[in-house]
Amino acid sequence: MHPILKLIAQRLALGLLLLFAASILIFVGTSILPGDVAQSILGQSATPEALANMRRELGLNDPAITRYFSWLGGVLQGDLGTALTNGRDIAESLGGRLKNTLFLAFWAAAISVPLAIFLGLLAVRYKDRWPDKLISAVTLTTISIPEFMIGYVLVYWVAIKWRMFPSVSIINDSMTLGAKLNAIAIPVMVLTLVVLAHMMRMTRAAILNVMQSAYIETAELKGLGMLKIIRTHAFPNAIAPIVNVVMLNLAYLVVGVVVVEVVFAYPGMGQYLVDHVSKRDVPVVQACGLIFAAVYIGLNLIADIVSILANPRLRHPK
Amino acid sequence: MTEPLLKVRGLKIGATAYPPGEKPVAIKIVHGVDFDLEAGKVLGLIGESGAGKSTIGLAAMAYGRGGVEITGGEVWVNGRDILKENLRNLRRLRGAEVTYVSQSAAASFNPAKKIMEQVTEAAIFQNKFTKAEAEARAVDLFRKLGLPNPETIGNRYPHQVSGGQLQRCMTALALCPEPDLVVFDEPTTALDVTTQIDVLAAIKEAIAATGVAALYITHDLAVVAQVSDHIMVLQQGDMVEYGTVDQIINNPQEEYTQALVSVRSIRHEEKTPSDNPVLRVENVTARYKGTNFDVLKNINVDIHPGQTLAVVGESGSGKSTLARVITGLLPPSDGQITFDGRTLNPELATRPIEDLREMQMIYQMADTAMNPRQTVGTIIGRPLEFYFGLKGKAKQQRIQELLDEIELGQGFQDRYPAELSGGQKQRVCIARALAAKPKLIICDEVTSALDPLVADGILKLLLNLQKIEDVAYLFITHDLATVRAIADSIAVMYQGKVVRYGPKSEVLSPPFDAYTDLLLSSVPEMKIGWLEETIENRRMESAGN
Amino acid sequence: MKNIPISAMIGLFFTGIYFLMAVFAPWIAPYGMAEVVGDVWEPSSSEFLLGTDSIGRDLLSRMIYGGQTTIFIATAATILSFTLGSVMGFFAAVSGGWVDQALSRFVDLIMSIPSLIFALVVLSVMPTTVPILIILMGLLDSTRVFRLARAVAVDITVMDYVEAARLRGEKIGWIIFRETLPNALSPLVAEMGLRFIFAVLFVSTLSFLGLGVQPPQADWGGIVKENKEGINYGIQAALYPAYAIATLCISINLVADWILNRTTSLKGGRG
């Protein structure tokens, strides 16, 4: 087997292992901690009988390991359990919401990734001149403000003062794509702003790092023009770090989605999660937590694999 | 008279430094240099670090590296002043008329592209040759440069060939577009000495075969004497002396040139071995954790009190590992070490403090050997306090004595390492070792990072201190000139074994074993025609076999 | 301490002001924290400089007390994450071997789940009190400090001067406190600033989601939550915390940047 395939197989196995460990962590986080789920659900005034009933219903009397494996077994078969608060099947409620969340994240990524790479290149091109300085100042500002505040600032100006887009983003399946996009315009803007700065800054650093290599000087001393140098010498070496940057920020985007959905009352997974955290609906929280963790681990895994594929030393071993 | 290929007049080069938190400062690197280079000739530029030689070399392509800027003067190439040309025209010059070979081929090749593509790129881009012609030419150059499998080596990626081979590929890259002038910037400095001679011979032959002119930049006068027609000596951005190779080597006029020529002329009378060695290494074998081969194989050497054992070898020979085993950083898997009559514990942690005190170490990079947050006084004072409990005035007095011994004198106690020059840093490290009043000092490549004249000063100091303090040295080096200058006995190491060991006079006299012969004959001598002689000798020997 | 660049001066100035306001909140705030003193969302006047909030409390007083809560929680969480992270990071780096492996892999695992998600999972079964928030944030964030501290310490322990100290026979205490720590301090202090910013953002986010500081106690994230409906009527009340958080975080960033630059200038000393 080509050594690179072996390496990728290793990474995939490692990713699965990590996901497995993460599922244990999530389960442990919700069941072994001192908080009593039954007590939290029923409140302080619950009668001892009600508590005992609830404990039995939740299977809390079984040992934690049994509960974990029955939960994991269910998850592997697509059964995420039922919500405590309304008794509905979690997988069913999640399906549509997951789709909505991915819809929002997709458009945020589709706008922010090309924009960030373009602006990162711009910052490199005008290094230490005003566009570069402006970009780093804006970066500093946006990483210093939490997502929800960017959200409300935009709502205040764009939705209320200028009346360009709606301040609440409620979508359903019967809407046309245009109507949906109009509804999510402001949340997409917020998410773009949230990841743009980081992505731009990291892209800039990655490209600068490549541009300072000795082989770029060699290319310059061959008399090649800047554009040709970037295209033929810098780009092949910059792919891996840039993909890495993009993946890291998409992973960050996933977290940003949670908060932004709450701000805009958007019917996605993030809002669903936050809602059920306050209602202490543990099965829902476990399911959502696991899905978010899976997406996060998956994106990091892709970044890893791309770096391996792009490394000539690994692709062409001695 | 015909116009020279390269004519430099009043060349001034500067740079801007940005000390953090302060205003940018303009620095002058080269203050007005003049020289000519005829077509097909080779001019050697020589000087220590900071002499401005690389900067001048790149100025022949009107190129400033990093923040370096050409601030004045004229550089005429093929009859036009290239400093007045626009970038468009400069691009037609670079990679076509003038090309460049850097010190580190490993960094200068793009890791993502095949060697052939990179070697032929300039020739094709500059419309000198078609792709087919350029590739044929590259294969021809690979062959001339003595590369293995010249037809196919171009299909490899840079990391798939060795350092010496890649350096030759870089030369092919520079010669492929059929330039008028090649700038060689320390092309053999990063190579081992036995590799250097082959690359040097290959470069010289390729220059002769193509009739190209060259600027050959190096800090090693013996190397430049082999390849150049003329030599220009530079110091701190000024030209010190210019002349033919013969004149510079055999009849240098300026004091600085004379110093450079005679730099390796320390002569040290070998002492006779005593009966009781201070350190005896017996049957030592060692390997690193998690590896499955021995880095050291059955090593036996002695060091006698007040004498120097030089351990010489190339990178990967195991010479630094030997130091790690002796100091206890890497316990040997077999064998034992006796120090001053007592058996040393293999593990550093279990050695008594007295053993640690009597054996001190000096490192190659003085920069990283001193804590940047401690003053010279603290650095030298710590062993005094730690081993002898010296405090207050007594300690201060002893520190000053030590500073006097290493010829630094007053006012250094409160300085930080960053405020010292390279040579001064190494002296402080020597003082720190001496402070412990050791019987043995292990010197690991202590002069390799220094300029020749500075290194010379350090060697003289070490010899002097040996007389005064009666301390023994284990001197690890790859440089045979240093060995000649300082050793009483020598151990030659190759692939983890000691291949030759004995008093200096014996080790350095024939008959030699094959490796020692190769090593000794590969060290450039400051003699015109040495390279040809050596290569010729080797050819005759191999033909004789 | 001379030659402080102007940006760092501004940063220090604002950071100082915020911390002073947090410490002296009861003396500075014109009204009580939960005192209802006026109508709903009154505009700013000489009586209420920033106006009133959604149930008629003085917004300026809420902001000052909110700053106190937010800054207190963030500071405590930072101290916890910092102490824990750097001690464990140094311990891992100096011990090496399986101790290092075990700690590093465990941290990798924690970091494979986004902090916010992890916090939400835990808060679904834990009561949201201030001590629990501090411990949770401190523990989660200590993973990042661990990584940095370990990396810095590993970089330093391979230096020849540390080897020289070991060859001299120095005890582990000297090696950590005299050789390693002085060289690791500056990057760690700069990181401390960034961790603090992260803690401020984190606690504000949790409070905004209703899972952090609980009413009636004021904190910046909570003020946004309480007043967010006002935005729809063009009332800025929910935006003031945004300005406060942004200025505080930018100021600390400026200071951290300056500290980091000073470090590199010391390290760059060569010949």
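## Chain A and its two partners

Reader: What does the secondary structure of chain A come to?

Author: Chain A comes to 14 helices and zero strands, where helices (H or I, at least four residues) and strands (E, at least two) are DSSP runs numbered from the N terminus. This is a predicted model, in which local features need pLDDT of at least 70 and side-chain atom pairs count only at pLDDT 80 or more, while totals for chains, interfaces and linings use all residues. Residues are numbered from 1 along each chain as its sequence is written, and chains are lettered from A and ligands numbered from 1 in the order in which they are written.

Reader: How much of chain A counts as buried, and what does its C-alpha trace span?

Author: Of its 318 residues, 39% count as buried, a residue being buried if 20 or more other C-beta atoms, placed from the backbone, lie within 10 Å of its own, exposed if 12 or fewer do, and partly exposed in between. Along its principal axes, the C-alpha trace of chain A spans about 85 × 60 × 35 Å.

Reader: How many residues of chain C are in contact with chain A?

Author: On the chain C side there are 37 residues in contact with 41 residues of chain A, contact meaning that the C-beta atoms of two residues, placed from the backbone, lie within 7 Å. The largest share of that side of chain C, seven residues, comes from α5(C). By class, the side has 27 nonpolar, nine polar and one charged residues; Ala, Val, Leu, Ile, Met, Phe, Trp, Tyr, Cys and Pro count as nonpolar, Asp, Glu, Lys and Arg as charged, and the others, Gly among them, as polar.

Reader: Is α5(C) mostly covered or mostly open, and what covers its buried residues?

Author: It is mostly covered, with eight of its nine residues buried, among them Leu116(C), Phe118(C) and Val122(C). The cover includes α1 (3–31), α11 (226–263), α12 (269–278) and α13 (282–310) of chain A, together with α6 (130–157) and α8 of chain C.

Reader: And how many residues of chain B touch chain A, and of which classes?

Author: Here 25 residues of chain B are in contact with 17 residues of chain A, and α2 (87–93), α3 (105–108) and α4 of chain B each supply at least two residues of that side of chain B. The side has twelve nonpolar, eight polar and five charged residues.

Reader: Staying in chain B, which residues of α5(B) are buried, and what do they pack against?

Author: Ala134(B), Arg137(B), Ala138(B), Leu141(B) and Phe142(B) are buried, and they cover an arc of only 140° around the axis (taken from the directions from the helix axis to the C-beta atoms), which puts them on the same side of α5(B). They pack against α4 (115–125), α6 (163–175) and α7 (193–210) of chain B.

Reader: Switching to the sheet: what is the strand order, and why do β6 and β10 of chain B have one side without a neighbour?

Author: It is an open sheet of six strands in the order β6-β7-β8-β3-β9-β10 (chain B), with mixed pairing, two strands being paired if DSSP finds at least two bridges between them. β6 (98–101) and β10 (238–244) of chain B stand at the edges, each with a single partner strand, so one side of each is left without a neighbour in the sheet.

Reader: In which sense do β3 and β8 of chain B pair?

Author: Strand β3 (residues 42–46) and strand β8 (residues 213–218) of chain B pair in the parallel sense over five bridges, and the bridge partner of Leu45(B) in β8(B) is Ile217(B).
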